[in-house]
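Me: I'm new to reading protein structures. Could you walk me through this one with a few questions and answers?

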Amino acid sequence: MSTGTSTGATGTLRAARPAPAPARARAFTGTWPLVRLALRRDRVLIPVWLAVFVVLAGSTASSTLTLYPDIVSRRQIGVTINGNPAMVALYGKVLDISSAGAVALFKVNALGAALVAVLTMILLVRHTRAEEEAGRLELIGAGVVGRVAPLTAALAVTCGTAVTLGVLTGLSLVAAGLPVSGSLAFGLSWALTGVSFAAVAAVMAQLTTSPRGATGLTAAVLGATYLLRAVGDVSDAHGPRWASWLSPVGWAQQVRPFAGVRWWVFLVGALFTALATAGAYALVGRRDLGAGLLADRGGRAEATRWLASPFGLAIRLQRAVLLSWTAGFAVMGLIVGSLANSVQSFLDTPGARDMITKLGGHAGLLDAFFGTELSIVAIITAVFGIQSVLRLRAEETALHAEPLLATATGRRRWALSHVTVAALGSVWLLFVVGLTMGLSAASTLNDYDQVGRLLGAALAQLPSVLVMIGIAVAAFGLVPRLVAASWALLVGFLLVGELGPLFQLDQPVMDVSPFAHTPRLPGGAFTATPLAWLTVVGVALVVLGLEAFRRRDLD
């Protein structure tokens with residue numbers, strides 16, 4: 001029997017070394033410290049997004065229950081929704097037209113699940129492929145860190161965030177007055193989609209060599225599965241209804257919260273997540289650190305003249321993102337415009353009419369509807385603007401800015417190139433959504449005056465977007481390490497300015513949001529003064545940020 005000691009040739013008693021850990025166990029070494037590091041880095045991002053989703057679900061439920069308090073009104077709206085293919089394709093069906101929860105949350109069931117998938121995709125890529133591209137994982141890997149520890153930590157943080165989001169969302173629905181079982185099932189259905197796409201992103205992070213590539217491939221899968229869900233939802237009994245079962249977004253609906261919960265659907269998602277995660281782990285061992293399994297496409301031997309300027313380089317770096325946003329805005333405009341004929345029947349209750357008028361305008365129900373949708377479009381456009389400005393910070397921390405600024409290119413000129421892309425890109429997106437919305441509404445209503453009205457109403461949202469771009473630029477110049485606070489301010493403006501009428505907040509509180517000063521067009525009274533002041537504030541913040549960046553040190 002071993003005594004844990006050994007005797008050498010000289011008779012000296014030496015303690016035996018402990019047996020080394022198995023190779024599989026060593027591969028996970030360092031996972032917990034990496035989890036804590038990721039949580040430390042995302043201490044602002046994760047709580048903000050959790051608050052957004054929880055408030056979105058809870059406020060949607062409480063406001064809709066007020067609008068449709070009885071079975072008759074719920075059945076009326078449910079039949080109207082299910083009879084509109086465009087709305088079913090975008091949001092999904094109301095699975096039980098008598099259920100308060102099913103009617104209240106039909107708009108945020110599939111769409112909210114897709115947004116949760118976007119969140120988990122961003123988190124997973126941020127802590128895997130983005131860390132590799134920045135070179136930080138190579139430094140970490142030089143320590144006592146196993147080969148799969150970074151991927152494991154990223155999955156733990158991302159999936160933990162999705163599950164926490166699901167539980168908190170369920171509790172918010174219970175607080176709004178919905179049944180406990182359906183509320184918990186709804187929240188966890190969002191988590192189901194989020195966890196599934198975390199696994200998809202984990203696979204894509206092994207295939208590509210850049211975070212943009214991993215995000216792009218995962219987003220493409222998300223778009224395809226959302227389309228499959230739409231095809232299945234709009235199909236009749238003889239059509240491909242099975243297509244919904246090929247989509248993780250469709251699984252969130254197949255859980256059927258508030259319509260006879262199917263708990264076993266979670267097993268489908270768990271099996272998919274397990275298989276995709278296993279594939280990601282298998283791929284980690286087949287590639288070198290920093291490399292991807294898909295070969296990069298070779299570029300031109302010589303750069304074009306367009307890339308000789310900072311503005312040309314900024315467009316080249318952001319063109320793929322801008323093209324993706326353009327396609328999304330075009331689709332959004334076509335769908336919203338196609339709903340013009342259905343607005344009267346969709347909002348045919350006194351409570352709904354009162355709510356949409358408060359949120360969207362004063363000159364008719366149809367104009368109020370378009371005004372409400374365009375106010376949401378402004379928020380989404382601001383997301384693009386902030387994202388484009390934050391590319392400055394990404395270039396700086398990745399050490400791409402330093403060699404460029406070592407040339408004749410000045411700091412302000414370089415930073416202004418990305419700010420210009422953010423501003424002009426926002427103009428372009430608002431133009432696209434206004435034009436497509438106008439053409440779609442004109443075709444539906446046989447009234448081509450809608451094109452000019454909706455195009456002008458969309459472009460009127462630009463000054464508020466410029467303020468958000470200015471806030472991001474000012475943060476980049478003054479406090480670059482807190483530049484992500486721009487997202488927190490956007491969320492705060494969304495909650496205070498857009499949901500304020502539902503909670504009857506005082507007007508001075510709602511006026512904190514720049515979006516509250518935009519004229520509610522079409523239909524409302526056009527006033528140039530607030531648009532001019534918003535533009536001045538936005539430009540002033542940009543100038544402040546550029547001047548501060550010129551004076552500070554690079555990180």
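This is a predicted model: local features need pLDDT of at least 70, side-chain atom pairs count only at pLDDT 80 or more; totals for chains, interfaces and linings use all residues.

Me: How is the aromatic pair of F186 and W190 arranged: stacked, tilted or edge-to-face?
Reply: The two ring centres of F186 and W190 are 5.1 Å apart, and the planes make 55 degrees. Planes under 30 degrees apart would count as stacked and over 60 as edge-to-face, with the rest called tilted. At 55 degrees, the pair of F186 and W190 is tilted.

Me: In which helix do F186 and W190 both lie?
Reply: These two residues are four residues apart, which is about one turn of the helix. The helix that holds both F186 and W190 is α11.

Me: Is W190 buried or exposed?
Reply: Buried means under 20% relative accessible area. W190 comes out at 0%, so W190 is buried.

Me: How are α7 and α11 oriented to each other: parallel, perpendicular or oblique?
Reply: Helix α7 covers residues 106-126 and helix α11 covers residues 180-207; they pack at about 40 degrees, with their axes 7 Å apart. The contact is made by residues including V108, G112 and V116 of α7 and F186, W190 and F197 of α11. These contact residues divide into 13 nonpolar, six polar and no charged. Angles under 35 degrees count as roughly parallel and 65 to 115 as roughly perpendicular, so α7 and α11 are oblique.

Me: What kind of aromatic pair do W251 and F272 form?
Reply: W251 sits in helix α13 and F272 in helix α14, 21 residues apart, and the pair links distant parts of the chain. Their ring centres are 5.4 Å apart. The planes stand at 70 degrees, so the pair is edge-to-face.

Me: Is F272 buried, partly exposed or exposed?
Reply: W251 has a relative accessible area of 5% and is therefore buried. For F272 the value is 29%. Buried needs under 20% and exposed over 50%, so F272 is partly exposed.

Me: What distance separates the C-alpha atoms of L137 and P150?
Reply: L137 lies in helix α9, residues 136-141, and L137 counts as buried at 10% relative accessibility. Along the chain, L137 and P150 are 13 residues apart. Their C-alpha atoms are separated by 7.9 Å.

Definitions and conventions:
Residues are numbered from 1 along each chain as its sequence is written. Side-chain values use heavy atoms; hydrogens and water are left out. Axes are lines fitted to C-alpha atoms, for helices over the stretch in contact, and angles run from 0 to 180 degrees between N-to-C directions. Angles under 35 degrees count as roughly parallel, over 145 as roughly antiparallel, 65 to 115 as roughly perpendicular and the rest as oblique. Contact means heavy atoms within 4.5 Å. Ala, Val, Leu, Ile, Met, Phe, Trp, Tyr, Cys and Pro count as nonpolar, Asp, Glu, Lys and Arg as charged, and the others, Gly among them, as polar. Rings of Phe, Tyr and Trp (its six-membered ring) pair if their centres lie within 6.5 Å; planes under 30 degrees apart count as stacked, over 60 as edge-to-face and the rest as tilted. Buried means under 20% relative accessible area, exposed over 50%, partly exposed in between (1.4 Å probe, protein chains only).
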